[in-house]
Amino acid sequence: MADRESDSERTESSFGLQWSLTAEERELGRMSGDDFRSGSYISAIQHVLKLVTVRPNDPKVLHNKAVVEYYLSDFKRTDEFRKNLLHVCNQIGVNLDDVESLEDVEHCVFYYNHAVTLYHLRQYNSALTILDKIFQFIEPLEETLARNVCFLFLELYLCTFQPEKALGMVGFIENLYDKQTVESAGKTRLSVDKEQSEGDHLKEAETEDRDGANESQIRLQQYKARCYLLLRSCKGCKREIKSLMSIAGMSPTSVYFKANLEYIRGNWRKAMKVLNTLSIQPRSFAETGENLVVFYYNNMGCIHFHMGRHNLGCFYFYKALQENDNTLKQLCKSDHGINGRPVYTVGANARYELLYNLGIQLLYAKKPQEAFDCLIEAVQVHHTNSRLWLRLAECCIKVHKLDNQTDFNVKERKKDIVHSHIGSGPHRKFVLVPHIYKPHQLSQEVHLSAMPLPTLEFSAICLRNALQLLPDESVPTTATSSSSKLTEESESNTLMDGNTLTSVPPGNPIKSSEISVLRCSILASSAYVALCIGDVLMALHYAQTLLAQPKVSAVHRFLGHLYAGEAMVLMDDIANAIKELNPDQISDLFFSNSVSDKEEKDKSHSNGAEESNSKDHSNFKGWFPNSMPVARMIMQYNLTAAYAVRGELDKASESMRQLNASAKTAGTEIPIQALMLAMYIQMQLGHADFAKKVIKLRCPQYR
């Protein structure tokens with residue numbers, strides 16, 4: 001973790017003029033270059049200003065003036081620097097917006113500085129497009145500039161989640177530039193020292209060369225560790241972390257790498273233990289552009305999420321959000337735009353990523369209203385994330401109905417069976433409730449459905465957005481070989497195993513196999529929401545589309561049959577509904593997340609993953625039904641309702657007996673809806689005494 005900016009993320013000067021110069025101008029250029037490289041920016045600007053007076057129209061002099069002034073402002077006058085850079089480029093006919101017009105190697109430095117500012121403004125793909133063009137001139141480029149281009153390439157590849165391309169760039173740097181830089185630096189120092197004829201200077205030069213080579217080696221080791229972490233290659237990451245620690249020792253960066261390694265292995269407690277060994281030094285955010293306290297709180301929140309401690313995880317995310325907001329308030333109290341604050345702090349605001357994490361944590365903590373408030377703010381920035389739109393819809397669904405288990409708690413719901421009673425003694429009559437649950441009231445005003453409120457109408461809009469943002473399976477997505485073909489809205493690249501990655505910021509890209517699961521989840525939620533708001537035709541369409549998916553899991557197949565059958569009942573297509581609601585269609589409730597068990601097993605062996613007693617509690621906790629007997633019982637209840645609607649009461653009664661038998665086998669209560677249905681069937685068959693018996697048995701207050 002370098003202070004301020006790393007060399008590859010800083011603007012580059014262009015000292016050294018090729019036009020005819022006088023001896024005085026040549027000396028001013030040399031002195032300004034030496035002062036700039038040594039960090040004496042005040043002295044450098046004085047020499048540059050003298051050059052400006054004698055060469056007022058020289059684009060290189062004007063460019064160097066803009067760069068030195070930017071350094072003198074501590075990288076705070078970003079808007080002013082971009083204007084000055086644009087003015088210089090206009091003088092020589094260089095269009096920074098048209099990177100294809102770059103044909104002269106001397107103009108690469110202008111485009112590089114433009115790419116650096118884009119990087120700090122988080123316009124990563126635009127910066128990649130520029131570097132992709134500059135890389136065509138990598139051989140004739142000045143050595144320092146070429147190395148900085150490669151390192152910036154590395155950073156951008158990792159920011160856009162392209163770890164395999166980043167590893168290729170690491171190899172390129174190691175093979176062509178790392179050794180070459182050290183050798184050439186040594187030769188240059190040696191020749192200067194011979195002229196000075198001072199042995200002490202030679203020792204100092206050799207020490208500086210070793211320090212520079214060691215720093216480059218540390219940076220490359222860090223990049224390789226980050227690449228293997230993104231690839232989830234535990235074996236490779238462990239090897240690089242060991243090499244890094246042998247060179248740089250136990251630095252905060254090494255601690256975070258080690259904790260992240262245990263995190264992707266599933267060793268949550270060990271990851272937490274490693275993080276707690278971190279000693280965070282009080283360093284100014286304005287100096288480094290990084291807030292280690294925010295990183296710590298965020299990482300702890302993620303660990304507690306996977307351990308199933310969602311309320312504790314919310315606590316850490318709230319702390320991270322508070323620390324992030326306080327830091328930004330101290331940094332920019334009266335600033336306008338991006339001026340007035342160092343450029344390396346402009347893109348360091350993690351508020352929306354933290355809101356995303358907090359929203360997911362709150363959703364699992366059964367606080368859907370608070371989760372919706374967080375995610376609706378995060379979606380304003382990450383609006384191309386289909387999974388985020390799905391989570392927003394799930395918040396709306398949870399606000400409508402928190403869970404299904406309350407329907408099976410007959411002891412709590414028995415008071416909802418009887419609305420009132422009339423008379424007394426043998427003439428007492430019971431008045432049953434018209435609905436066991438409050439039906440959804442449709443909004444009378446159409447425009448209210450588009451309001452960002454946790455309603456089912458808004459969830460339908462969220463689900464349509466989520467479905468629209470998914471790549472079309474009928475048209476295979478091909479990865480682009482050049483970063484210039486990437487767009488700001490979405491990017492994709494192909495891994496070695498042929499999987500296509502789709503960007504879902506702020507999270508890691510998802511593979512094509514995971515997109516299939518995500519599509520099924522969106523379709524299942526869409527069918528449920530359409531049923532709740534009375535859009536039966538769309539509910540049937542979503543359910544049938546879900547069942548037609550080539551990689552539908554058993555859980556989604558169960559939901560597809562259930563929602564399709566209910567939609568058909570509401571459309572009075574009872575014959576087809578009975579076929580859909582056949583309990584024999586449910587064989588298991590296995591859920592495949594993204595890859596098969598065999599692939600997971602192979603991956604764990606290939607990555608050298610350690611056995612861990614820790615379990616990921618984040619999945620399926622609180623979901624119901626969670627067992628085959630209960631799922632079949634729910635399907636049997638819906639089949640009984642279909643028979644009752646068609647008037648086949650004898651079949652409905654027989655189906656109800658099977659439902660009761662399934663409940664006893666599963667060791668659970670029948671849902672309150674099934675109890676009401678049983679009373680309805682018996683009364684339709686003329687067995688009113690049975691209904692009274694049920695009421696007296698279930699509701700002691702009416703005995």
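What share of the 703 residues in the chain is buried? In this predicted model, buried residues make up 48% of the chain. The secondary structure consists of 29 helices and four strands. Of the contacts in the chain with a separation of 6 or more, 66% are between residues 24 or more positions apart.

Helix H2 covers residues 41-54, 14 residues in total. The distance from its first C-alpha to its last is 20 Å, close to the expected 20 Å at 1.5 Å a residue. Its buried residues are Ala44, Ile45, His47, Val48, Leu51 and Val52. Viewed down the axis of H2, these buried residues fall within an arc of 165°, so they line one face of the helix. Ile42 and Thr53 are exposed and sit on the face of H2 turned away from the buried side. The cover over the buried residues of H2 includes helix H1 (23-38) and helix H3 (59-72).

Helix H10, residues 234-248, has 15 residues. It reaches 20 Å between its first and last C-alpha, close to the 21 Å expected at 1.5 Å a residue. Cys234, Gly236, Cys237, Glu240, Ile241 and Leu244 are the buried residues of H10. Because they fall within an arc of 155° when H10 is seen down its axis, they line one face of the helix. The face turned away from the buried side of H10 carries the exposed residues Lys235, Lys242 and Ser246. H10 is followed by Gly249, which has a positive phi, near 80°.

A packed pair of helices is described by the angle between the two axes and the distance between them. For helix H18 (residues 386-400) and helix H21 (residues 512-532), the axes come within 11 Å and cross at roughly 35°. The crossing of H18 past H21 is left-handed. On the H18 side, the contact involves Ser386, Arg387, Leu390, Ile397 and His400. These meet Leu518, Ser521, Ile522, Ser525, Tyr528, Val529 and Cys532 of H21. By class, the residues of this contact divide into seven nonpolar, four polar and one charged.

Leu145 lies in helix H7 (residues 143-159). With a relative accessible area of 8%, under the 20% limit, Leu145 is buried. Leu145 and Cys108 are 37 residues apart in sequence, and their C-alpha atoms are 9.0 Å apart in space.

Several loop positions show backbone angles of note. Phe75 is not a glycine, although its phi is positive, at about 60°. Phe75 is placed in the loop between H3 and helix H4 (78-91). Its relative accessibility is 3%, so Phe75 counts as buried. Asp572, also a residue other than glycine, has a positive phi near 65°. The loop that holds Asp572 runs between helix H23 (554-570) and helix H24 (574-580). Asp572 is exposed, with a relative accessible area of 61%. A cis peptide bond joins Pro505 to Pro506, with omega near 10°. Pro506 belongs to the loop between strand E4 (500-502) and H21.

Technical notes. Residues are numbered from 1 along each chain as its sequence is written. This is a predicted model: local features need pLDDT of at least 70, side-chain atom pairs count only at pLDDT 80 or more; totals for chains, interfaces and linings use all residues. Side-chain values use heavy atoms; hydrogens and water are left out. Helices (H or I, at least four residues) and strands (E, at least two) are DSSP runs, numbered from the N terminus. The expected span of a helix is 1.5 Å times one less than its number of residues. Buried means under 20% relative accessible area, exposed over 50%, partly exposed in between (1.4 Å probe, protein chains only). The arc is that of the directions from the helix axis to the C-beta atoms. Axes are lines fitted to C-alpha atoms, for helices over the stretch in contact, and angles run from 0 to 180 degrees between N-to-C directions. A crossing is left-handed if the near helix is turned anticlockwise from the far one by less than a right angle, and right-handed if clockwise. Contact means heavy atoms within 4.5 Å. Ala, Val, Leu, Ile, Met, Phe, Trp, Tyr, Cys and Pro count as nonpolar, Asp, Glu, Lys and Arg as charged, and the others, Gly among them, as polar.
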